[in-house]
Each structure stands twice: as structure tokens, then as C-alpha cells.
Amino acid sequence: MTTSLSSYLDQLERMDHDYPLLRMIQPDGSKAFTDDEYDVTLLLSFYKQMLRARMFDRKAINLQRQGRIGTYAPFEGQEAAQIGSAFALQKGDWMFPTYRDHAATMTYGHSMETIFRYWKGRIDGCVPPAGLNILPPSVPIATQLLHAVGASWAERLKGNDRVAIAYFGDGATSEGDFHEGLNFGSAFNTPTIFFCQNNHFAISVPIHKQMKSRTIAQKAFAYDIEGIRVDGNDVLAVYKVMEYAVEKARRGDGPTLIEAVTWRYGAHTTADDPTKYRDQSINEERRNEDCLLRVERFLSHEGAFDEQQIEEITHEIAMEIDEAVERFERAEQPNPNDMFDHVFQDQTPSLREQHQQFQKEVTS
Amino acid sequence: MTSSLQQTKELTMVQAITDGLKIMLEEDPTTMILGEDIGVNGGVFRATDGLLEQFGENRVIDTPLAESGIIGTSIGLALNGFKPIAEMQFQGFIYPAFEQIVSHAIRIRTRTLGAFTVPMVIRAPYGAGIHAPELHSDSMEAMFTHLPGLKVVIPSNAYDAKGLLISAIEDPDPVLFMEPMRTYRSTRTSVPSEKYTVKIGEASTLTTGEDVTILAYGNMISPALAAAKQAKENDNVNVEVVDLRTLYPLDEQTILESVEKTGRVVIVHEGHKTSGFGAELIAFINDKALFSLRNPIVRVTGYDVHVPFFSIEEHYIPNATRIYQAIDTVLNEE
């Protein structure tokens with residue numbers, strides 16, 4: 001009980017919704033906790049996936065520079081957030097990614113070839129392997145949160161314990177659909193993981209201009225759901241937090257907002273120049289917190305970093321990428337007639353007529 | 001189709017809609033209704049009255065007050081095996097959900113080459129003439145017929161409403177089901193108690209005539225029929241009133257047969273004139289039957305003004321007098 005209105009108001013001012021940053025591995029590779037949550041084998045598999053994703057990302061940028069794919073949205077720097085989270089899912093769960101989440105979709109089962117097709121401007125690049133619930137990248141920002149709520153709600157209604165994850169960035173939290181998504185998830189207690197990769201920039205707008213809120217995790221507070229802030233460059237911490245949120249969702253205890261604090265080294269897409277909106281020398285500092293470097297350091301401390309083994313893995317990944325590039329570049333050209341398919345299950349008469357007209361025009 | 005053995009009831013359109021919803025909730029366990037005030041309150045027009053009690057809160061869901069949320073969540077449910085029937089309280093409130101409709105509901109089938117689909121119905125009461133507060137009276141069908149991947153259905157009577165609604169729920173693609181508020185309770189029609197369907201994409205010729213064709217739908221059918229009656233009685237003019245019932249996909253054949261017969265067309269809609277659905281109908285007739293026309297087509301529509309406050313809304317809404325004058329114009333233009 002406070003004694004006066006002014007002291008009550010003072011106390012309000014001091015109220016701090018404290019969302020500390022969870023870290024399992026320090027940037028120097030040392031353990032943040034003394035318990036035995038550190039599984040070297042698991043970290044090695046994370047490392048392989050992160051390396052695979054990074055090499056894929058760099059290859060995609062090269063292909064774009066050479067004009068072999070279109071505009072591309074690189075994710076380098078965000079591998080730990082995406083891979084740590086995707087590892088915690090099981091087949092049957094639902095993934096609603098954005099266009100920067102290929103490290104997550106690759107980990108969950110999308111093929112590199114398919115992702116290259118997407119960036120080559122081919123619609124078949126949206127289609128996941130049979131039986132995998134990966135939706136096409138959501139282009140309009142934050143709209144996919146609601147789909148994740150709906151799809152995971154459906155699982156609950158069916159009596160299943162599957163969950164859905166929606167990926168989005170810091171800028172997305174300004175959109176109305178972010179708030180509607182959190183509110184619906186909260187109101188209907190859906191098994192949804194709202195996974196924000198806070199990379200500090202929405203194209204060119206830095207987070208301090210995007211919001212006055214000190215954290216994104218605190219936005220969960222308004223919806224009375226858990227908000228967790230995790231070092232997004234610490235793959236183990238991300239995985240552990242996701243595991244916690246997924247288990248909670250599976251047992252029916254509702255959604256979680258995870259803020260993975262990370263950084264994208266590169267441009268928003270290959271169509272913009274980041275030096276225009278930020279000092280790129282900051283990347284050098286950020287590289288010291290790099291997600292791959294951190295695991296390398298950790299594994300070295302543990303005596304489990306085998307350079308020869310990593311070289312072999314690197315070689316294998318390079319082959320995998322080359323094969324994927326070859327396959328997608330060898331693929332049959334898309335047939336323009338296909339644009340008339342799949343608008344409806346059954347083509348409407350006027351669409352049929354337009355298609356016939358199109359065929360006449362291309363053959364004349 | 002209706003069998004003569006079936007029981008029928010005299011129902012208003014809104015009662016027929018409730019009946020259609022109830023039949024589908026009973027028949028198909030994947031159907032769900034979502035919307036604002038549709039549960040305990042039974043909907044602001046009572047279209048969902050009694051459904052919560054019968055089917056429970058996992059099937060009839062009072063949602064938070066957020067249209068984008070309702071449609072976006074319904075998309076997720078539809079992706080994962082359910083058939084959501086989402087209610088927009090008024091069409092005038094659908095705009096926050098426009099992005100979800102345009103960018104996702106109608107696009108996911110195409111984007112995934114059919115791997116994922118969104119079978120859902122969006123019910124939206126529309127139109128003026130019930131003295132509703134401002135912004136409750138829009139007729140924005142043309143904003144939706146422009147969209148690929150969306151079917152747009154507008155019934156004008158209880159029988160069609162039930163049959164078309166059931167077809168919409170059974171449709172594998174998203175359907176916007178626009179409900180003419182002014183017609184909700186204005187008349188009763190004989191409606192079979194059983195399940196039946198009215199096919200999406202089929203117009204209905206309500207009166208036959210060889211002099212003038214009226215193309216109309218929804219709230220405009222009643223004044224169109226009144227004007228046709230007046231033309232017959234006063235001038236011995238035989239007007240064929242075609243109730244389009246579905247705006248997309250359009251029943252081209254029924255329209256063409258009538259236009260080719262009469263050569264004179266009056267188009268009536270309540271939505272604004274510029275880029276309204278009438279413009280599409282004129283373009284269609286131009287493409288397919290221009291030389292059947294004996295006179296230029298006449299449009300009777302809402303004006304290019306915001307639907308006025310209700311004290312003067314009747315001056316906005318096309319009525320039988322304006323349609324009767326249009327019949328006269330289309331007969332006498334040279």
C-alpha cells in the first residue's frame with residue numbers, strides 16, 4: 001500500500017517489465033550456466049545446419065549478382081535464430097515463414113532447389129515437399145501470424161498436439177495483424193509460437209524509430225501470454241526456449257512470444273544498399289557475436305572442434321549446393337499457360353475463355 | 001433440387017440463412033461460424049440465433065472485435081481442414097480484412113499449385129435502406145468481383161439465399177456471400193426444410209419479356225420487379241428481369257440469351273456508378289452481343305457519393321420510379 005498518489009505514480013515510473021536476455025553460450029564460447037544442458041552432439045548438428053544455411057545464403061547472393069536468380073533477401077547473421085527454432089519442431093507442425101526464413105524452412109525440410117526456384121521467380125518454389133506443412137513465404141508483413149493462430153487452433157479442435165510457428169521481424173510488430181494475432185492466440189489459447197527475429201532494422205528503419213518499447217518480448221504482457229527474450233545468435237539458447245514454448249503449446253498451455261535478438265549483416269534484399277542507412281563498420285563488432293563463430297569457440301573449449309571434419313562437411317555442403325543449382329537451372333522452363341491453373345479448383349468459364357485467347361495470342 | 005415431397009416453410013431471408021447454416025453445421029463437422037456477436041447474441045440480425053446453444057462454442061465462435069483477425073484466423077483454420085464461415089457484421093466493416101482476402105485467402109491455392117487451399121465463406125450484410133447509422137450501408141461488390149480467385153454471390157430471396165449459402169459452404173474456394181439487409185425480412189418465400197442447393201454461377205429469370213432486359217441482383221430485385229410490373233400495366237411493355245444471383249462467375253449464357261432477344265438493357269445496382277459492376281456488364285455485352293443492341297444500355301445505380309446518412313438515403317438508392325424511367329429511356333432512345 002502506497003501512502004500518496006505521487007508516490008504511487010513514482011512507483012509506476014519505476015515499473016520495469018523486465019525481459020532479460022537469455023544466453024546459454026557466451027560470445028567467447030564459454031558456458032553461461034554450470035548445469036549439464038550442453039549436448040556437444042546436438043551442437044555439432046546445429047553447427048552443420050548453420051554452416052549449410054550460410055553457404056546457401058552466400059551462394060544465392062552470388063547467383064543474384066550474376067543474374068542467375070532475381071532479387072534475394074539474405075539472412076546471414078540470423079542462422080541461429082532460425083535453425084535453433086526449426087529444430088524444436090516435429091513433422092506435422094506448421095511453419096509460416098517470411099521471405100528471409102530459408103534457414104528455418106531448409107532445416108524443416110524444404111529443398112535448396114525449391115528455394116532457388118522461388119527466387120528465380122517460379123511459383124513452384126512455394127510448394128513444400130509432400131506432407132510438410134510449410135506455407136509459402138508471407139510477403140505482406142505480419143499477416144501470417146493470424147494464419148498460424150488459425151492452423152494451430154485447428155489442431156487443438158482436432159484433439160492433436162501439433163503446434164504452429166509464425167516467423168516475423170521487429171518491423172512486423174508495428175502492424176495491426178501482429179496485435180490481432182497475439183490477441184486471438186491469447187483469447188483462444190492456441191498452440192502458437194510467435195517467433196520474432198529482432199534484427200534491428202525494418203529495411204532501413206532502425207528499431208528505435210520503429211517503437212518506443214525497449215523490448216519486443218514485453219508486447220506479450222498486454223496479451224497476458226509469456227514473452228521471452230533470447231540471444232538470437234546463441235543457437236542453443238534459442239533451441240531451449242523454443243523447446244519450452246513448443247512443449248507448453250503441446251500440452252495446451254497456449255502461445256508464447258519469443259524475441260530472438262539478432263542482426264542481419266547484409267542488405268534487406270539485394271536491391272538495396274545498406275551503407276545508405278547504417279554504418280556497416282558495426283558489422284565487424286557484430287561478427288564477434290556471430291552464431292557460427294560462437295559454436296566453433298564452444299566446441300573448441302570442449303575439445304570437440306575437429307577442423308578436418310568441418311572441412312569435410314564444408315565440402316559436402318558445397319556439393320549439395322552445386323547440385324541444387326544445377327538441378328534448378330536445368331529445370332524445364334515454366335509454362336505460361338500454367339498461370340490459368342489453380343486460380344479455382346475448377347476453372348471458371350470466363351477464365352477458360354481468357355486462357356483460349358491467350359493461347360491464340362502466343363501462337364499467332 | 002426441390003422435391004415435391006419435401007416440407008416447406010414460409011421464411012424470411014434471414015431465417016433461411018439461419019436454416020442453411022444449421023443444416024451445414026449438422027451435416028459437416030468441419031464447419032465453424034466465426035464473427036462478432038454471433039454467439040450469445042445470435043448476430044446483430046439474428047442470422048445465427050440459437051446456433052451457439054445447439055453446436056457449442058467450438059463451432060460457433062464469438063471472436064474478438066477484429067475483422068482482419070477473423071478472416072486471417074479463418075484462413076489458418078481452412079488451411080488445416082476446417083470450413084470457416086466468417087461473418088463480417090456489415091460489409092462496411094470488411095475493409096480491415098481486405099488485405100487478408102486479397103493477399104492470402106484468394107491466392108494460396110495459386111501460390112501452392114493447389115497444395116494448400118482456403119475453402120471458406122465470408123458472409124457480409126450489405127446495402128442501404130434500413131435506417132442504419134452511417135458507414136453501415138455500403139454496397140461494395142465491385143471491389144470484390146475485381147479479385148481473381150474469389151466467387152461473389154448475392155441472393156435476393158429466402159429460397160436462393162439458403163440454396164446458395166449451402167453451395168458456398170460446399171465450394172472448394174473462397175466465396176463472398178453478400179446478404180441484402182433491406183431484403184432480410186421484407187418478404188417471405190416458400191423454403192424447403194431439407195437441404196438443397198442453388199448452383200453458384202447461375203442467374204434466374206424472374207419474369208420473361210421480349211422488350212427490355214433488366215439485369216439486377218440483391219436489394220435491387222424488388223424495385224426492378226415493381227418497375228417491370230408498372231411498365232406492363234401502363235405501357236404494355238414486357239420486361240425480362242434477370243436476377244444475376246452470382247456476380248462471379250457470371251452466368252453469361254442467360255444474360256446473352258435475354259439481350260439477344262430484347263436488344264434493350266437496363267442495369268440496376270445499388271453500388272456507386274463509376275467502376276461499378278454495371279460497367280463490367282456493359283463491357284461484357286459489348287464483347288459478346290453489341291450488335292444485338294437496339295439502343296444504348298442504361299444504368300440505374302447509386303451515385304458516386306458516399307451512401308448518405310439515412311434521413312436522405314432513399315434518394316440514393318435506385319427505386320422503381322428511376323428504373324421505370326430507365327425502361328422508358330431504353331425503349332425510346334434513337
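In this predicted model, the centres of domain 1 and domain 2 of chain B, taken over C-alpha atoms, are separated by 26 Å. Domain 1 of chain B runs over residues 8-192, and domain 2 of chain B over residues 204-332. Where the two meet, domain 1 of chain B contributes 27 residues to the contact and domain 2 of chain B contributes 24 residues. On the side of domain 1 of chain B that touches domain 2 of chain B, two or more residues come from each of α6 (141-145), β6 (151-153), α7 (158-170) and β7 (175-180) of chain B; by class, that side holds twelve nonpolar, nine polar and six charged residues.

Turning to the contact between the chains, 34 residues of chain B meet 32 residues of chain A. The elements of chain B that supply two or more residues to the side touching chain A are α3 (67-79), α4 (98-105) and α5 (108-111), and α3(B) provides the largest share, nine residues. The side of chain B that touches chain A is made up of 13 nonpolar, 16 polar and five charged residues.

Within chain A, H110(A) sits in the loop between α4 (102-108) and α5 (112-119). H110(A) counts as buried because 23 other C-beta atoms lie within 10 Å, where 20 or more are required. Once its neighbours within four places in sequence are set aside, H110(A) is in contact with T105(A), I115(A), P128(A) and I134(A). By contrast, G227(A), which is 117 residues from H110(A) along the chain, has its C-alpha atom 29 Å from that of H110(A).

Terms used:
Residues numbered from 1 in each chain as written. Chains lettered and ligands numbered in written order. Predicted model: local features only at pLDDT ≥ 70, side-chain atom pairs only at ≥ 80, totals over all residues. Domains from an automatic or database assignment. Contact = placed C-beta atoms within 7 Å. Helix = DSSP H or I, 4+ residues; strand = E, 2+ residues; numbered from the N terminus. Nonpolar A, V, L, I, M, F, W, Y, C, P; charged D, E, K, R; others polar. Buried ≥ 20, exposed ≤ 12 C-beta atoms within 10 Å, placed from the backbone.
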